[in-house]
Amino acid sequence: MTETDKLFAQPRAQIGDFAFDDEVVRVFPDMIKRSVPGYPTIVETIGLIAGQYARPDSLIYDLGCSLGAATQSMRRHVRASGCRIMAVDNSAPMISRCREYLFAQNAMVEELTPVEVMEADITRLALQPCSVVVLNFTLQFIPPPQRLQLLTDIHRALLPGGLLILSEKLAFADPRTQQNLETMHYVFKRANGYSELEIAQKRSAIEKVMLPDTLEAHQDRLFKAGFSHSHSWFQSLNFCSMMAHK
Ligand SMILES: Nc1ncnc2c1ncn2[C@@H]1O[C@H](C[S@+](CC[C@H]([NH3+])C(=O)[O-])CC(=O)[O-])[C@@H](O)[C@H]1O
Ligand SMILES: O=C(O)C(=O)Cc1ccccc1
């Protein structure tokens with residue numbers, strides 16, 4: 001069983017930068033569900049989309065896999081023969097718990113797509129030819145100057161007809177839109193039991209390490225990286241998921 005997220009419940013004298021350490025890993029499933037509107041739908045639908053685009057005998061990457069939620073969904077939906085999923089994250093505690101969860105899934109469900117779990121920095125990975133790549137709320141944690149290179153590397157590794165699924169928190173150029181959706185995101189968190197203090201302290205912790213782009217910036221960058229076509233397929237408040245075609 002996973003714990004309830006109370007990480008930011010007590011007042012802190014100083015708020016350090018948010019990191020995917022042991023403390024966060026212990027509460028992560030609860031934290032992400034209560035913080036990201038639409039997360040369960042996005043995870044389930046990533047499985048469906050991957051099932052449609054996975055080619056026989058090809059690789060699927062889940063980059064910044066955390067506890068492997070998207071990987072678990074894809075393993076249930078991908079039916080193409082000879083496919084293998086590579087789940088990658090650079091947080092050692094995430095990776096070790098991700099392995100436990102996937103092992104538990106093996107025992108419960110038959111005919112799952114095989115997975116390899118890897119502790120690595122995705123900006124330094126030599127990507128192999130693949131049919132599907134998932135960046136489910138990962139790109140927003142990559143330093144902005146490295147984002148185009150990562151997408152270019154992903155585009156190069158994708159096979160013809162390959163697909164990138166990219167989910168992100170969005171920023172909005174129009175100040176009223178930004179304000180409205182940011183407020184509604186706080187309303188969502190309040191409705192999920194987070195206090196004003198928890199919301200404010202978490203905000204300070206992530207503001208320097210998680211830097212959202214606008215949808216337009218994402219689409220321009222995807223185009224520059226070589227993708228021929230991209231569009232969003234889901235949005236709940238300021239959280240969005242896109243697909244980009246090779
Ligand atoms: N350079 C990097 N290399 C590898 N991993 C990284 C790097 N930078 C950050 N990460 C990893 O990216 C993940 C982002 S969480 C993804 C949720 C998941 N996709 C999910 O479907 O539940 C999103 C969130 O917490 O909002 C963390 O596990 C980091 O360790
Ligand atoms: O909590 C937030 O405000 C977010 O924007 C999403 C989030 C979810 C989990 C870890 C870091 C950020």
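**Strand E4.** I looked up strand E4 (residues 130-136) and found seven of its seven residues buried, so the strand is largely enclosed by the rest of the structure. I note that this is a predicted model.

**Partners of E4.** I then checked which strands pair with E4. Strand E1 (residues 59-63) runs parallel to E4, and four bridges join the two. In that pairing I found Asp 62 opposite Val 134 of E4. Strand E5 (residues 158-171) also runs parallel to E4, with six bridges between them. Here Leu 135 stands opposite Leu 166 of E5.

**Ligand 1.** Which residues come nearest to ligand 1? I found 21 residues around the ligand, and those that come nearest are Gly 64, Asn 90, Ser 91, Asn 136 and Phe 137. Helix H3 (69-77) and strand E2 (84-89) are the elements that give two or more residues to this shell. I sorted the shell by class and got 12 nonpolar, seven polar and two charged residues.

**Helix H4.** I took the span of helix H4 (residues 92-108) next. Its 17 residues reach 25 Å from first C-alpha to last, close to the 24 Å expected at 1.5 Å a residue. I listed its buried residues as Met 94, Ile 95, Arg 97, Cys 98 and Leu 102. These buried residues pack against helix H1 (22-35), H3, E2 and strand E3 (115-119).

**Annotation.** I looked up the UniProt record, an unreviewed entry, which places "domain: Methyltransferase" on residues 60-162. Over residues 60-162 I found 39% helix and 26% strand, with the end C-alpha atoms 10 Å apart.

Note on methods: Residues are numbered from 1 along each chain as its sequence is written. Chains are lettered from A and ligands numbered from 1 in the order in which they are written. This is a predicted model: local features need pLDDT of at least 70, side-chain atom pairs count only at pLDDT 80 or more; totals for chains, interfaces and linings use all residues. A residue is near a molecule or strand if its C-beta atom, placed from the backbone, lies within 6 Å of it. Ala, Val, Leu, Ile, Met, Phe, Trp, Tyr, Cys and Pro count as nonpolar, Asp, Glu, Lys and Arg as charged, and the others, Gly among them, as polar. The expected span of a helix is 1.5 Å times one less than its number of residues. A residue is buried if 20 or more other C-beta atoms lie within 10 Å of its own, exposed if 12 or fewer, and partly exposed in between; C-beta atoms are placed from the backbone. Two residues are in contact if their C-beta atoms, placed from the backbone, lie within 7 Å. UniProt positions are given in the numbering used here, feature names are shortened, and annotations may be inferred rather than shown by experiment. Two strands pair if DSSP finds at least two bridges between them.
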